[in-house]
Protein chains: 2
Amino acid sequence: MDDVFKALADASRRSLLDRLHANNGQTLNELCDGLAMTRQAVTKHLVILEAANLVTTFRHGREKLHYLNPVPIHQIGERWIKKFERGKLTALGELKRQLEKRDE
Amino acid sequence: MDDVFKALADASRRSLLDRLHANNGQTLNELCDGLAMTRQAVTKHLVILEAANLVTTFRHGREKLHYLNPVPIHQIGERWIKKFERGKLTALGELKRQLEKRDE
DNA sequence: TTGACATGCAACCATTTGGTTGCCTATTAT
DNA sequence: ATAATAGGCAACCAAATGGTTGCATGTCAA
């Protein structure tokens, strides 16, 4: 889980996921296209995305095709984000009330 | 948005959010309690969480109370995670088919 | 078979990050 | 008034991060 959060922390990596979302199954060079980064930099990002299981690759001859794996993102939504949506927590208006309570 | 992702990338910070989720409105020292970290380290994390608007603070005398703000997390769920859930993308079984298509 | 193309590997670099220690300031309780 | 308590500030440090360049390898096409 930590891997996924770490992988998502970088804007370049999120943009790579976006690109795959728009057009799944691209090669390294296709993914590099138009980016202000070396191919090697992109490779490093993809390695991290693969390690976090956010991207799966298939070798096809001399090409490496990259596919988005939405499962980990979905899991973060389910296991983590939902937790903070439930409960609604303290509405801002209620905070003041809690503050006053501290004086009693 | 990047601030939020960056803030969530660290496990210590996520655990601070967890603690606030379990018990909202804690002071710095309360939050430090039981953690294998200096108070100053915790302060730094809280600064980052505040900057990302994930935590709001209120001064109450010499105490600083920390409150969780679930809005940015909710936004990530809405604006980002949902995007990757929709579309279902390519099921693994379909990938092979795409691979073959490359040969045509 | 030989050159071009797609990718891999490794060393190196600057900056950011997560943490520390030491000291200072403000508020509260005795 | 004074000591204890809650927190803030700043310098410093090691390790991780995001990037580079240079070269090597595997695969395809002419």
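Select L54(A) to begin: leaving out residues up to four places away in sequence, L54(A) touches V4(A), A7(A), L17(A), L49(A), N69(A), P72(A) and I73(A), a contact being a pair of C-beta atoms, placed from the backbone, that lie within 7 Å. The model is predicted, so local features need pLDDT of at least 70 and side-chain atom pairs count only at pLDDT 80 or more, while totals for chains, interfaces and linings use all residues. Residues are numbered from 1 along each chain as its sequence is written, and chains are lettered from A and ligands numbered from 1 in the order in which they are written.

**The nonpolar core**

L54(A) and L54(B) touch the most other members of the largest nonpolar core, which holds 38 residues. Such a core is a set of buried Ala, Val, Leu, Ile, Met, Phe, Trp, Tyr and Cys residues joined through C-beta atoms within 7 Å; buried stands for 20 or more other C-beta atoms within 10 Å of a residue's own, exposed for 12 or fewer, and partly exposed for what lies in between, with C-beta atoms placed from the backbone. At least two residues of this core come from each of α1 (2-8), α2, α4 and α5 (71-85) of chain A, and from each of α1 (2-8), α2 (11-22), α4 and α5 (71-85) of chain B. In soluble globular proteins, nonpolar side chains tend to be buried together.

**Chain A as a whole**

Colour chain A by secondary structure to show 6 helices and 3 strands, which follow the pattern α-α-β-α-α-β-β-α-α along the sequence. Helices (H or I, at least four residues) and strands (E, at least two) are DSSP runs, numbered from the N terminus. Of the 104 residues in chain A, 26% are buried, and among contacts with a separation of 6 or more, 52% join residues 24 or more positions apart.

**The sheet of chain A**

Select the strands next. They form an open sheet of 3 strands in the order β1-β3-β2, with antiparallel pairing, where two strands pair if DSSP finds at least two bridges between them. Because β1 (26-27) and β2 (55-60) of chain A each have a single partner strand, they stand at the edges, and one side of each is left without a neighbour in the sheet. Between β2(A) and β3(A) (residues 63-68) the antiparallel pairing runs over 6 bridges, and F58(A) stands opposite L65(A) in β3(A).

Stay on β3 of chain A and pick L68(A). This residue, L68(A), is buried, with 25 other C-beta atoms within 10 Å. A distance drawn from the C-alpha atom of L68(A) to that of R19(A), 49 residues apart along the chain, comes to 9.5 Å. Then show helix α2 (residues 11-22) of chain A, which lies across β1, β2 and β3 of the chain and runs at about 90 degrees to β3(A); axes are lines fitted to C-alpha atoms, for helices over the stretch in contact, and angles run from 0 to 180 degrees between N-to-C directions.

**The sheet of chain B**

Move to chain B, where an open sheet of 3 strands has the order β1-β3-β2 with antiparallel pairing. β2(B) and β3(B) pair over 6 bridges in the antiparallel sense, and α2(B) packs on the sheet, touching β1, β2 and β3 of chain B, with its direction at about 90 degrees to that of β3(B). In β3(B), L68(B) is the bridge partner of V55(B), while K64(B) stands opposite R59(B). Two residues lie between the strands of the β2(B) and β3(B) hairpin, in which G61(B) takes a positive phi near 65 degrees.

**The DNA strands**

Select DNA strand C and the 20 residues that surround it, of which T27(A), L28(A), T38(B), A41(B) and G61(B) are the closest; near here requires a C-beta atom, placed from the backbone, within 6 Å of the strand. α4(B) gives the most to this surface near DNA strand C, with 4 residues.

Beyond its neighbours within four places in sequence, L28(A) is in contact with R39(A), V42(A), T43(A) and K64(A).

Finally, turn to DNA strand D: of the 19 residues around it, T38(A), A41(A), G61(A), R62(A) and T27(B) come nearest. α4(A) gives the most to the surface near DNA strand D, with 4 residues.

Terms used: Contact = placed C-beta atoms within 7 Å.
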